[in-house]
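Let's take a friendly walk through a protein model. Have the sequence and the 3D view ready as you read.

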Amino acid sequence: METYEAIMTRRSVPLVTDVPVEKWKVERLLDAAVRAPNHHLTQPWRFIVLTGRALEEFADAWATGAQREGKDPEAARSKALRAPVIICVVERPKGHLPKVSDIEEHHATGAALQNILLAAHDMGLGAMMRTGPAAHIPEVRRHLGLEDGELIAGLIYLGHPRAEDGARPLSRRTDAASLTEWRGW
Ligand SMILES: Cc1cc2nc3c(=O)[nH]c(=O)nc-3n(C[C@H](O)[C@H](O)[C@H](O)COP(=O)(O)O)c2cc1C
């Protein structure tokens with residue numbers, strides 16, 4: 001698939017099958033992630049890839065946090081188990097480099113996330129970026145072993161698309177033309 005075609009046809013795939021995703025495919029996605037642009041080559045990211053028993057333990061941590069917050073633990077648990085794989089993209093800002101600002105680290109990590117989504121689309125996988133409450137729940141952070149200053153930039157839910165979803169339309173966007181001023185053209 002051409003790059004432009006991948007960009008223009010990618011869509012989030014909220015529902016995927018429970019068919020496992022091969023590890024080499026996830027490795028390919030992560031190789032794409034680390035090609036993202038980043039200022040001063042800080043590479044402000046790391047990845048935790050969950051499947052099988054590890055995904056269930058993640059779901060348990062989310063459910064425990066939800067229960068402590070007075071929410072339905074089973075709902076949280078089932079959200080965590082919506083796809084056979086979650087790629088947790090962790091942002092680790094390099095605050096000690098004065099020339100690199102936090103926003104630059106966010107941009108770099110966002111680009112890494114998008115690389116994963118585009119590469120997944122190119123490989124025929126279904127992916128959706130979510131943050132939601134899991135990104136902030138202390139029980140989840142503890143379970144994942146996040147250090148102070150590290151952020152869950154995104155949870156990419158990954159699997160194989162369902163056959164019946166093939167024809168779903170893209171989500172709407174405002175035309176770039178109506179958001180753009182052309183000056184000096
Ligand atoms: C940083 C970020 C966090 C997001 N978190 C969620 C989320 O928690 N739940 C959700 O339903 N969509 C979330 N989204 C939106 C979806 O990933 C998706 O981009 C949106 O529904 C538009 O659909 P599309 O990707 O098919 O164009 C998030 C998007 C971004 C960029």
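## Around the ligand

Keep in mind that this is a predicted model. Start with the ligand and look for the residues around it: Arg11, Ser12, Met128, Met129, Arg130, Thr131, Gly132, Gly154 and Ser171. Sorted by class, this shell has 5 polar, 2 charged and 2 nonpolar residues. The element that gives the most to the shell is strand β3, residues 126–130, with 3 residues.

In soluble globular proteins, nonpolar side chains tend to be buried together. Here the largest nonpolar core has 43 residues, and the members touching the most others are Trp62, Ile86, Ile116, Ala127, Ile156 and Leu158. At least two residues of this core come from each of α2 (23–33), β1 (45–51), α3 (52–68), α4 (73–80), β2 (85–91), α5 (102–122), β3 and β4 (151–159).

Leaving aside residues up to four places away in sequence, Ile86 touches Leu50, Leu55, Phe58, Leu155, Ile156 and Tyr157.

## A closer look at helix α3

How far does α3 reach from its first C-alpha to its last? Its 17 residues reach 25 Å, close to the 24 Å expected at 1.5 Å a residue.

Which residues of α3 are buried? They are Phe58, Ala59, Ala61, Trp62, Ala63, Gly65 and Ala66. The elements covering these buried residues include β1, α4, β2 and α6 (138–144). After α3 comes Gly70, which has a positive phi near 80°.

Key: Residues numbered from 1 in each chain as written. Predicted model: local features only at pLDDT ≥ 70, side-chain atom pairs only at ≥ 80, totals over all residues. Near = placed C-beta within 6 Å. Helix = DSSP H or I, 4+ residues; strand = E, 2+ residues; numbered from the N terminus. Nonpolar A, V, L, I, M, F, W, Y, C, P; charged D, E, K, R; others polar. Core = buried A, V, L, I, M, F, W, Y, C linked by C-beta atoms within 7 Å. Buried ≥ 20, exposed ≤ 12 C-beta atoms within 10 Å, placed from the backbone. Contact = placed C-beta atoms within 7 Å. Expected span 1.5 Å × (residues − 1).
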